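The sequence and the structure come first, and the description follows.

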Amino acid sequence: MAKAIVMCKCEKCGKEFKKEKMCCNRSEANSFEEWAKENCTECPECYKARIESQKAEKANVLKEKYNLPEIIGASEKQVNYANSLRDEYIVCAKDSFGVSNFDLIDEMRDELNQYPDRIAKKSAQMGLTEQEYIENKIKRCYPIEYKLLTMTNAGEIIELLKFRV
């Protein structure tokens, strides 16, 4: 075992930081050190800030796209926490093929609206309007996402997402 240790300099903030890696042998460690000198140009703090900024930007785009309601809570701290949980969830909520669950809800609405006769018959059998039938179907398939599209209470959002994100 050999340990590769490289001192790198962040191109953004100019701070020096250490990059370490355990390798199988000295030649692998030397190879990593050479690679790291050329490619490790962002310190952990700047990397974290960049990733958080990208997530926030993506969350804002998705909030606008899905017209998510404003969150209301007992305190500003609670509202900020609920917003951060919801933002994290909407950025990460995808099916096994990488498609956003919120996009799947839109697709489901479109598909259901393509069959008005079937929807009318099923909704009449259940004693619902066609819109209520569609919304109930979405609630059953995507319960968390549906709640996020409609919920405004910060406490409820925190309870819903605190162990999911």
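## N113 and the basis of the model

N113 lies in helix α4; helices (H or I, at least four residues) and strands (E, at least two) are DSSP runs, numbered from the N terminus. N113 is partly exposed, with a relative accessible area of 49%. Buried means under 20% relative accessible area, exposed over 50%, and partly exposed in between, with a 1.4 Å probe and protein chains only. From C-alpha to C-alpha, N113 and E130 are 9.3 Å apart in space, and they are 17 residues apart in sequence.

The model is predicted: local features need pLDDT of at least 70, side-chain atom pairs count only at pLDDT 80 or more, and totals for chains, interfaces and linings use all residues. Residues are numbered from 1 along each chain as its sequence is written, and side-chain values use heavy atoms, with hydrogens and water left out.

## Helix α4 against helix α7

Two packed helices are described by the angle between their axes and the distance between the axes. Here axes are lines fitted to C-alpha atoms, for helices over the stretch in contact, and angles run from 0 to 180 degrees between N-to-C directions. For α4 and α7 the angle is about 90° and the axes are 10 Å apart. That makes α4 roughly perpendicular to α7. Angles of 65 to 115 degrees count as roughly perpendicular, under 35 as roughly parallel, over 145 as roughly antiparallel, and the rest as oblique.

On the α4 side N101, F102 and I105 take part, and they meet E145, Y146, L148 and L149 in α7; contact means heavy atoms within 4.5 Å. The residues of this contact divide into 5 nonpolar, 1 polar and 1 charged. In this count Ala, Val, Leu, Ile, Met, Phe, Trp, Tyr, Cys and Pro are nonpolar, Asp, Glu, Lys and Arg are charged, and the others, Gly among them, are polar.

## Helix α7 against helix α8

Helix α7 covers residues 143–150 and helix α8 residues 154–161; their axes come within 11 Å and cross at roughly 160°. That makes α7 roughly antiparallel to α8. In α7, I144, K147 and L148 meet I157, L160 and L161 of α8. By class, the contact of α7 with α8 has 5 nonpolar, no polar and 1 charged residues.

## Helix α5 against helix α6

Helix α5 (residues 116–126) packs on helix α6 (residues 130–141) at an angle of about 90°, and the axes are 8 Å apart. That makes α5 roughly perpendicular to α6. P116, I119, A120, K122, S123 and M126 in α5 meet E130, Y133 and I134 in α6. This contact divides into 6 nonpolar, 1 polar and 2 charged residues.

Y133 belongs to helix α6 and counts as buried, at 7% relative accessibility. Not counting residues up to four places away in sequence, Y133 touches I119, K122, S123, M126 and L128. Y133 and A120 are 13 residues apart in sequence, with 8.9 Å between their C-alpha atoms.

## The nonpolar cores

In soluble globular proteins, nonpolar side chains tend to be buried together. A nonpolar core is a set of buried Ala, Val, Leu, Ile, Met, Phe, Trp, Tyr and Cys residues joined through side-chain atoms within 4.5 Å. The largest such core has 32 residues, and F102, L148, I157 and L161 have the most contacts inside it. Two or more residues each come from α2 (44–66), α3 (76–92), α4 (101–113), α6, α7 and α8. With 6 residues, α3 gives the most to this core.

A second, separate core has 13 residues, including V6, A36, C40 and C46. As for I157, its contacts beyond four places in sequence are I71, A82, R86, L148 and M151.

D87 is placed in helix α3. With a relative accessible area of 16%, D87 is buried. Beyond four places in sequence, D87 touches A59 and K63.

N67 sits in the loop between α2 and α3 and is exposed, with a relative accessible area of 63%. Phi of N67 is near 55°, a positive value in a residue other than glycine. K94 is in the loop between α3 and α4 and is partly exposed, at a relative accessible area of 37%. Leaving aside neighbours within four places in sequence, K94 is in contact with K58, V99, S100 and N101. The C-alpha atoms of K94 and L104 are separated by 9.1 Å, and the two residues are 10 residues apart along the chain.
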